[in-house]
Amino acid sequence: MSEFLGVLRWITVNIFGEASILIGLIVLLGLVLQGKPLADIVSGTLKGILGFLIIGAGAGIIVSALLIFQPIWTEVFGLSSMSLTNIIGQVHFTERYGSSVTIAIAGGFALNLLLARLTCFKYIYLTGHMMFWTTMIFAGVMVNSNPAISGLQLTLMLTVIMGLYWTLQPALVQPWVRKITGNDNVALGHTSASVALLGALFGQIFAANKISSEDIKVPKKLGFLRDSNVVTALTMSLLFFIGTFILQIKGTPKAAEILVQSGDLSFYIYALKQSLMFTGGIAVVLLGVRMFIGEMVPAFNGIGSRLVPGAKPALDCPILFNFAPNAVVLGFVGAFVGSLLWLTLIGRYTGYVFIPSMIVIFFHAGTAGVFGNITGGYKGALLAGFITSTVVAWGQYFCVNYFISNTIPDTALWAGDSDMFVLAPLIAALTRLLTF
């Protein structure tokens, strides 16, 4: 048994835990099944991996800028870290339940493949890092709901839940993905699906006079605003500068600690650099998406035609950013404003300190913005972003306080996101109902 668990753990860490390797193996398999020449197989596999790694590199640049951005606004509103006591915590939780999570990831993926083969839901979930964290958070909810749950029950329930989620989640949003991409080649495999769906539905409020975020008319003198990179850089610079100005006025020890990070450089210049780094990160992501999709889709046709006829790869959310980059920025702006509103109101009326993870806010609100834009134009994108902040803020509040309070609330604060928060009550209810 220990050897079997060791093999599963190796697969989880080295295949599912390294999404680029998983993607490379999928591309390799697809090209081999199509009988492509060796040169095409090698080229396609490497370009698929490189494209995915470029996406990751771009995302890393974005995250590094957000890690500067978030403390500024955390201090602007005087937020403090939560005091988490009497919890299992991520380290001990992994030691105790890590085997169940590992087996559930492998078993859930196998179930996903089986359901894609036997049902009309022809989607294969390939967003490896989200597979891990979603399974981990759901495990935390289940143990929190029934601390006496056995390892076998936890593993079996998690396997079924994850297999169903990875199969059905892409199917729910695919009608809108087809409208966004103009084809049916790829699907969205990401935990932003719930806010994306809400963004598309509520975006219909503005359907009558819809103006796409990509078609906004501007005067010739402001023609540079047609470039999404320029819009992104200006928006982030403005938010950085406002936050910096408020920190200088506050003059608190924490504010001084943040401002000193720029060294001899003016913090405004430092903030401008971070704004441009953020913008460059998005540009890198979009470059990687084009390379990655160019190899992934043709290769996946080989798998679909041989192993799972008609199957589509369900991929990470940046695959959609290239279709409406302005909507991505508008979604983030809407979510940022909403986050400021909710952290103020939730803190004032509940005493809970909402910690808005800008990484979650950006990628989820950006995705929701693309969906909101397809039904309601730029207004729909802004509203979708605000809806995202609402789901994340209140979802974090209820999840940390009620659904994962005794297990891994420390992880939920930064790794928990839209679908996890939306599904947590259902997972908790099923655990109480079906376990003993």
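Author: A definition comes before the questions: a salt bridge here is a side-chain nitrogen of Lys or Arg within 4 Å of a carboxyl oxygen of Asp or Glu. The model is a predicted one.

Reader: Which residue meets Glu75 in a salt bridge?

Author: Side chains of opposite charge can pair when their charged atoms come close. For Glu75 the N to O distance in the pair is 3.9 Å, and the cut-off is 4 Å. The partner of Glu75 is Lys250.

Reader: How many residues apart in sequence are the parts that this pair ties together?

Author: The structure holds 4 salt bridges, one of them between Glu75 and Lys250. Glu75 belongs to helix H3 and Lys250 to helix H8 (residues 228-250), so the parts tied together are apart in sequence by 175 residues.

Reader: What is the radius of gyration of the chain?

Author: The C-alpha atoms fill a box of roughly 60 × 55 × 50 Å along the principal axes. A compact globule of 436 residues would have a radius of gyration near 22 Å, and the chain agrees with that, at 22 Å.

Reader: How far apart are the end C-alpha atoms of helix H6?

Author: H6 covers residues 151-181, and at 1.5 Å a residue its 31 residues should span 45 Å. H6 also bends by about 55 degrees at Gln174, with Pro175 following within four residues. The expected span agrees with the distance between the end C-alpha atoms, which is 42 Å.

Reader: Where does helix H4 bend?

Author: A straight helix with the 29 residues of H4 (residues 90-118) would reach 42 Å at 1.5 Å a residue, but the end C-alpha atoms of H4 are only 37 Å apart. H4 has a bend of about 70 degrees. The bend is at Tyr97.

Reader: Which strands stand at the edges of the sheet?

Author: The chain has 14 helices and 3 strands. An open sheet of 3 strands runs in the order S1-S3-S2, with parallel pairing. Each edge strand has a single partner strand, so one side of each is left without a neighbour in the sheet; these are S1 (123-125) and S2 (187-188).

Reader: How much accessible area does the nonpolar patch on the surface have?

Author: The patch is formed by Leu38, Val42, Leu46, Leu50 and Leu53. Leu46 is found in helix H3 (residues 38-76). Together the patch residues have an accessible area of about 490 Å².

How values were computed: Residues are numbered from 1 along each chain as its sequence is written. This is a predicted model: local features need pLDDT of at least 70, side-chain atom pairs count only at pLDDT 80 or more; totals for chains, interfaces and linings use all residues. Side-chain values use heavy atoms; hydrogens and water are left out. Helices (H or I, at least four residues) and strands (E, at least two) are DSSP runs, numbered from the N terminus. The expected span of a helix is 1.5 Å times one less than its number of residues. The bend at a residue is the angle between axes fitted to the seven residues ending there and the seven starting there. Patches are made of residues with over 30% relative accessible area and no salt bridge: like charges are joined within 9 Å, nonpolar side chains (Val, Leu, Ile, Met, Phe, Trp, Tyr) within 5 Å. Accessible areas come from the Shrake-Rupley method with a 1.4 Å probe; for residues, only the protein chains shown count as cover. Two strands pair if DSSP finds at least two bridges between them. The radius of gyration is taken over C-alpha atoms; the globule rule is 2.2 Å times the number of residues to the power 0.38.
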